[in-house]
Amino acid sequence: MVRINPDKPVSTGTTKPAELDTVLAAQRAAFNKNPNSDWASRKAKLVTLRELILGHEAEFIKAISDDFGNRAAEDTLIAECLVIQGGISHAIKHTPKWMKTRKAPTALQYLPAKNVIIPQPLGVIGIISPWNYPLQLAVMPLVGALGAGNRAMIKPSEYTPRFSQLLKEVLAKGFTDEEVFVATGGVDVASAFSNLTFDHLVFTGSTSVGRMVGKAAGANLVPVTLELGGKSPVIIDESAKMDMTVARIANGKLLNAGQTCVAPDYVLMPEAKINAFSDAMIAKAEEFFPTVAGNPDYTSIIADGHYARLQDLLEDAENKGATIRVAGDDDKQQLAKERRVPLTVVTNTTPDMKIMQEEIFGPLLPVVASETLDDSLDTIQKGERPLALYWFGENKGNRDKVLRETISGGVSINETAWHVVQEDIPFGGVGPSGMGAYHGEAGFQSFSHMKGVFIQSKFSQGKNLFPPYTNKTRKMIG
Ligand code: NAD
């Protein structure tokens, strides 16, 4: 997978690598003084976090919008603030149960001994987050980390410097540096950050940087959760209700102007239906956004380099024979000035096109002719394991076959993206789209050590296994 960040990073460079070491040491020392915080103190932290985020919602909306050029306020409210609110409420409701010591069965030959599992905080969690949903992707891992009783250090992306500075200032109002610390700066800071000896490191970003972060963490034997990207396919079954399908794909693709890790990347469907689908997608995009230039509800592409990358994907596809259809009739120069890209449907695609090889991360939607379900499954299986997979249809047999025969991080059926905000199911990738998971109980477990404890009984028969060995020993080991 090609790295999708071609721009020169914006450097704010405020955190020095030496400061990172100092903060980590201070967090670890504070943790060691009180390594198993009780529920009351964890809950207080989650409540503080919720108040801080909600209390500064308008400032976050503005800072993120300024970083993007324009970020629709609703994109921030729906895909960041609401998700965080849901995540914190869920954690507050369920963590007391998750943090309890659990009884585990004991095999017959070890009775009357007992087994228990004690969930224990790990210590200091490192969080590296990307620019596309800067608030959600910094704060949701923090919710899991704090709920599990940890301290945390966060390094947001250099592409959102205003947001990063605001996050630092806002979190400092409710947390000491020994509890939660935000590091700001460029790739140099991120790289130093990934080399710290955290007790767990959560990285959200591209697959290529994920490889580097995994390597750095591996050298320190720091366990990682890698939340990466990739090409998330959509299969449209013969049985799909087309109006609903088109509206939901358009919504998933246009949220944040397609700059979403789980955005539907490309569509697989029978050739005979592609023209009608393409017409309907264009019509739906024009209904959602009658104009794109100057429309405050339509998010801009984050940086010039990303805008150029999307134009390059289209040029490459066109040169190789694709048909390109752009929604609306906005002035091209104005769109370029605002870094806004309308929904663009790309048909007559072939596998050699860059748009079929790289994660798109923008509102371009290639459609691939695929006559049967087996053809679609074959295409997906030949690619890297995706972060998300979408299937639209009513035929339950086909739906179940897709669920059985594909491996992806997660799935939404007759929807795009919404599996991500279900706190009762894990969220994560698989293979090149990631490793490990968080959200809800999955997050609690990722940021806890599930300590297995064997409690021997004074009535144990175990002494029969002590030397010198006797007939009783031989009887016991069979
Ligand atoms: P990116 O990989 O370029 O950057 C992510 C973070 O890594 C940033 O904070 C950056 O500062 C840091 N970084 C950059 N170079 C580094 C290095 N050498 N060592 C350590 N850290 C480094 O990703 P991006 O462009 O910010 O985000 C887009 C990508 O993230 C897409 O591929 C998208 O699919 C993926 N993503 C995944 C999820 C998910 O939950 N799975 C969510 C959002 C985005």
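I counted two residues as in contact if their C-beta atoms, placed from the backbone, lie within 7 Å. The model I worked from is predicted.

**Helix 6**

I began with helix 6, residues 161-172. Its 12 residues should span 16 Å at 1.5 Å a residue, and I found the end C-alpha atoms 17 Å apart, which agrees. I then listed its buried residues: Pro 161, Phe 163, Ser 164, Leu 166, Leu 167, Val 170 and Leu 171. An α-helix has 3.6 residues a turn, so residues three or four places apart point the same way. Next I looked up what covers these buried residues of helix 6, and the cover includes helix 2 (39-55), helix 3 (57-68), helix 5 (134-147) and strand 5 (180-182).

**Nonpolar core**

I turned to the largest nonpolar core, which has 125 residues. Those with the most contacts inside this core are Ile 125, Leu 142, Ala 152, Val 267, Met 281, Leu 343 and Val 367. Helix 5 gives the largest share of the core, 9 residues. I followed the contacts of Val 367, leaving aside neighbours within four places in sequence. Val 367 touches Val 267, Met 269, Ile 274, Phe 277 and Ser 278, and also Val 345, Val 346, Thr 347 and Thr 349.

**Ligand shell**

I found 31 residues around the ligand. Pro 130, Gly 205, Val 209, Gly 229 and Cys 261 come nearest. Helix 7 (187-194) and helix 8 (207-219) are the elements that give two or more residues to this shell. The largest share, 4 residues, comes from helix 7.

I looked at helix 7 again for burial, and Val 189, Ala 190, Ala 192, Phe 193 and Ser 194 are buried. Among the elements that cover them are helix 1 (17-33), strand 3 (124-128), strand 4 (151-155), strand 6 (200-204) and helix 8.

I traced an open sheet of 3 strands in the order 1-2-16, with antiparallel pairing. Strand 1 (102-104) and strand 16 (448-455) stand at the edges with a single partner strand each, so one side of each is left without a neighbour in the sheet. The twist averages 30° from one strand to the next. I checked the pairing of strand 2 (residues 114-121) with strand 16 and found 8 bridges.

**Cis peptide bonds**

I noted a cis peptide bond from Leu 111 to Pro 112, with omega near 5°. Pro 112 sits in the loop between strand 1 and strand 2. I noted a cis bond between Pro 467 and Pro 468 as well, where omega is about -5°. Pro 468 belongs to the loop between strand 16 and helix 16 (471-477).

**Positive phi**

I looked up Asn 348, which is not a glycine but has a positive phi of about 55°. Asn 348 is in the loop between strand 11 (344-347) and strand 12 (364-369). It has 18 other C-beta atoms within 10 Å and is therefore partly exposed.

I also looked up Asn 414, whose phi is positive and near 55° in a residue other than glycine. The loop between strand 14 (410-413) and strand 15 (434-435) holds Asn 414. Asn 414 counts as partly exposed because it has 16 C-beta neighbours inside 10 Å.

Note on methods: Residues numbered from 1 in each chain as written. Predicted model: local features only at pLDDT ≥ 70, side-chain atom pairs only at ≥ 80, totals over all residues. Pairing = 2+ DSSP bridges. Axes fitted to C-alpha atoms, helices over the stretch in contact; angles between N-to-C directions. Expected span 1.5 Å × (residues − 1). Buried ≥ 20, exposed ≤ 12 C-beta atoms within 10 Å, placed from the backbone. Core = buried A, V, L, I, M, F, W, Y, C linked by C-beta atoms within 7 Å. Near = placed C-beta within 6 Å.
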